[in-house]
2 protein chains.
Amino acid sequence: MKLFKVKAFLLFAFVLLLFFIPIKSIKAQDADSLLIDKLTKETFISDVMYQNLWYLCKNIGGRIAGSPQAALAVEWSKKVMETMGMDTVYKQPIMVHKWSAGDYKEQAWYYTPTQGKIDVAVCALGESIGTDWKGIKAEIIEVKSFKELAAIGKGTIQGKIIFFNRPMDPSFLNTFEAYGGAADQRVHGAAEAAKYGAVGVIVRSLTLSNDKFPHTGVMHYDSAYPKIPAIAISTKDADILSEENKKNPLLQFFFRTMCESALDVRSHNVIGEIKGSVYPDQIITIGGHIDSWWLGEGAHDDGAGCVQTIEIARLFIKLGIKPKRTLRFVMFMDEEIAQRGGAAYVKMAQDKKEKHYAALESDEGGLLPKGFTFDTTEEKVNVWLPYIKYFKPMGIYEFSKGYSGVDIKHLKDLNATCIGLSTNSQAYFNYHHSGNDTFENVNKRELQMGAAAMAALIYLMDKYDL
Amino acid sequence: MKLFKVKAFLLFAFVLLLFFIPIKSIKAQDADSLLIDKLTKETFISDVMYQNLWYLCKNIGGRIAGSPQAALAVEWSKKVMETMGMDTVYKQPIMVHKWSAGDYKEQAWYYTPTQGKIDVAVCALGESIGTDWKGIKAEIIEVKSFKELAAIGKGTIQGKIIFFNRPMDPSFLNTFEAYGGAADQRVHGAAEAAKYGAVGVIVRSLTLSNDKFPHTGVMHYDSAYPKIPAIAISTKDADILSEENKKNPLLQFFFRTMCESALDVRSHNVIGEIKGSVYPDQIITIGGHIDSWWLGEGAHDDGAGCVQTIEIARLFIKLGIKPKRTLRFVMFMDEEIAQRGGAAYVKMAQDKKEKHYAALESDEGGLLPKGFTFDTTEEKVNVWLPYIKYFKPMGIYEFSKGYSGVDIKHLKDLNATCIGLSTNSQAYFNYHHSGNDTFENVNKRELQMGAAAMAALIYLMDKYDL
């Protein structure tokens, strides 16, 4: 009878176990679903993040590294994080190169026999030298590639303005690929044209939208050749200029830019932390970049990433989620020009021998989130497969190997898994680096969906050591 | 030896078979991938669809059924289809109820002690009666639900204006659910308020955006009670009015609407066909609705669906795809008011005993496509699972059971598989039924992605009898 009892007990225990295992795992699953649901709802019912973006865009505005606006953005974001109940908030000092398009609005025009003077909206390219007060006036030569430039040669190009007018290729489904295929004109156009004696360059704006916004972006000179001024022209005006130049090859184009370049100045990354409850020495970095171009308000690029970063902290604090690891919320400085903020952050990590577990950046705008790209092996991406279900209600399906973010990518050298939020690329380049990148063009709910998705990713990653 | 030869031949044939089966199926797969790729690229490199939308929005504009603009839109879309090389294009006559908000802009105002007269942008609700020239002026009672209305009761409500101010619930991830949860105020608010003697109703606009656009939409009276005028107010103005009314419960609200309702008038669906090469009697309908509200330009709702429909025809013709079944491209009339176009189309199908294989409608705007909803069984949806891979490059993952479209849903009674294109719902209600629904707010590439996805769906469905 005793043996029978033991057997009966074992049987009972076994049956119990059979029941309990699934119940426990279902419960854990439900708890995660519920928490992510709660976290998403909290994002959607709150105005805090959108108000933050409003402040950054409307009360501070465009904020290139080294500018007074960038300094204001540093102080503002520090103050916002200080009121949130984080464990610590501090500024990391860095030096940034101070460049600006100057106080005087860029000007450009040309004349046509039928319409007279045509004023054209243009903008300086980042790091370009300016013309002087007299400006530059010369005939233009339109080219589509550096090869074409070389074929035309010095004899013809000498003293002229080169007009790089190769459009982004619309046949790419992902517009980042189309951007990659055309960006050489902006980044290296002036350096290439200078080789053949050009006096300036006009670059077609990097967007698939046919509109009137010139889009800026950084460019680099080649130290072996003279520096010549470079500007961008809107896609619409590029098409018109191309037409007019075909009709009148002797058309003279005038432009004046008063760019200013000065010595390095002090600036900062802003860092807030929630200390880890189990592994406080392991760091998960979440960030966006607080600097932006001076055109527009830096709303999508990257005010959105900054306020999403702050929102994730708010969600963790509000819902009482205690992360096992230390979460660091970082406003990176100087992404647009020289990435000094990202570099300084990695250097600090190396110097202090910090352990960096993972890093997540949002720098594709406050647009509808599509997924995450992991700068790691396929195998490490695949550990996420069972967790994608939590993201499907948000319409997020894409967990793939790929690029992370400009400011965090070097944390990979410290063995951190570096991750980027990927968004609806169809819309991004309508705003990117232009006067069209304003608060009004950020859809509150798309911005919120991005923040919710990132918060869910960090929560799951930290909880399940992914 | 002969036997040996036969055996050798059989062996050879078998090995050949082993090779050929996978090769053939891989080839078929590749051919589909290539074709869908080609079709997508053709959409993206072409300006035709976007130019069509531009024409419809800018040269015709808002076009409520029965209006001169709606008649223009019928003639324009017929002409466009006639130039495309379809097998036949024709108009299907229908009768529509002619209602309009009138030539005189709606007016509304109230006074506050501190700010004096406050003018408010409002719009009539579709099918509402107007006030007369004198307008309506009365105290307002704000309510959030019909239950609250009933609790307040006739004694208090008599002679007042009811202000329905329950916002769409932002905690829903899908905004169509949030819309569904608040639309009763617009559709039945006037009928409910009239039960208790109200003289008019103001309805908070159905959007999650906090902006200044009043959003209209259809409403219905209850024949047992008097008809009272109904208007919509923007979300921003609703919040302000609510505040002001709390400060001053005796606040008098004035509004004047000069809506006009007339006898039924002649209108049309416009239908273009590409005849099937194998089963010409089996019909696949693809459509959008050509009518829109008078506010804005009916760009997303549903100019987008119309030009996408036309674009699919263009893609099939341009790429020389010969469908097995007859493709019918339909511009449905009168979706917004009484759905007479959809009803007439089904009736024609029944009368002519047509065989309807499937129907696909795009009526969620020219926004980023997310997937397709099939008004059929789970099993029938699941036949699509092996084909979702073709849509992933477009960021489309959601093939699910769900609602199809207002104009095509009754084709289900004829055993057609009815399907709706589903898009990014986060943005849709920022435009829906408002002055904000303009061409400028349609992203060309998102519109194109929708057309490409629909064309791919029709191609695969027709080829593989899905």
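**Entry 1: helix H13 of chain A**

I looked up how enclosed H13(A) is. Of its 21 residues, 18 are buried, so the rest of the structure largely encloses this helix. Buried means that 20 or more other C-beta atoms lie within 10 Å of the residue's own; exposed means 12 or fewer, and partly exposed is in between, with C-beta atoms placed from the backbone. Helices (H or I, at least four residues) and strands (E, at least two) are DSSP runs numbered from the N terminus.

I noted that this is a predicted model, where local features need pLDDT of at least 70, side-chain atom pairs count only at pLDDT 80 or more, and totals for chains, interfaces and linings use all residues. Residues are numbered from 1 along each chain as its sequence is written, and chains are lettered from A and ligands numbered from 1 in the order in which they are written.

Next I checked the length of H13(A), residues 444-464. At 1.5 Å a residue it should span 30 Å, and its end C-alpha atoms are 30 Å apart, which agrees. The expected span is 1.5 Å times one less than the number of residues. After H13(A) comes A:Asp465, with a positive phi near 55°.

**Entry 2: helix H3 of chain B**

I turned to H3(B), residues 68-82. Its 15 residues reach 21 Å from first C-alpha to last, close to the 21 Å expected at 1.5 Å a residue. Which residues of H3(B) are buried? I found B:Gln69, B:Ala70, B:Ala73, B:Val74, B:Ser77, B:Val80 and B:Met81. They cover an arc of only 145° around the axis, so they sit on the same side of H3(B). The arc is taken from the directions from the helix axis to the C-beta atoms. I recalled a rule: an α-helix has 3.6 residues a turn, so residues three or four places apart point the same way.

The face turned away from the buried side carries the exposed residues B:Pro68 and B:Lys79. The cover over the buried residues of H3(B) includes helix H2, strand S1, strand S10, helix H9 and strand S12 of chain B.

**Entry 3: the two chains**

I looked up where the chains meet. In chain B, 22 residues are in contact with 22 residues of chain A. Contact means that the C-beta atoms of two residues, placed from the backbone, lie within 7 Å. On the chain B side, H1(B) gives the most, with 4 residues. That side divides into 11 nonpolar, 7 polar and 4 charged residues. Ala, Val, Leu, Ile, Met, Phe, Trp, Tyr, Cys and Pro count as nonpolar, Asp, Glu, Lys and Arg as charged, and the others, Gly among them, as polar.

How is chain B laid on chain A? A turn of 180° and a shift of 0.0 Å along the axis do it, with an RMSD of 0.0 Å. The two copies are thus related as by a two-fold rotation axis. The superposition is by least squares on C-alpha atoms of residues with pLDDT of at least 70 in both copies. Of the residues of chain B, B:Tyr397 comes closest to the rotation axis, at 3.6 Å (C-alpha).

**Entry 4: the domains of chain A**

I noted two domains in chain A: domain 1 (39-100 + 262-464) and domain 2 (107-258). The bounds come from an automatic or database domain assignment. Their centres, taken over C-alpha atoms, are 33 Å apart. The contact takes 15 residues from domain 1 and 17 residues from domain 2.
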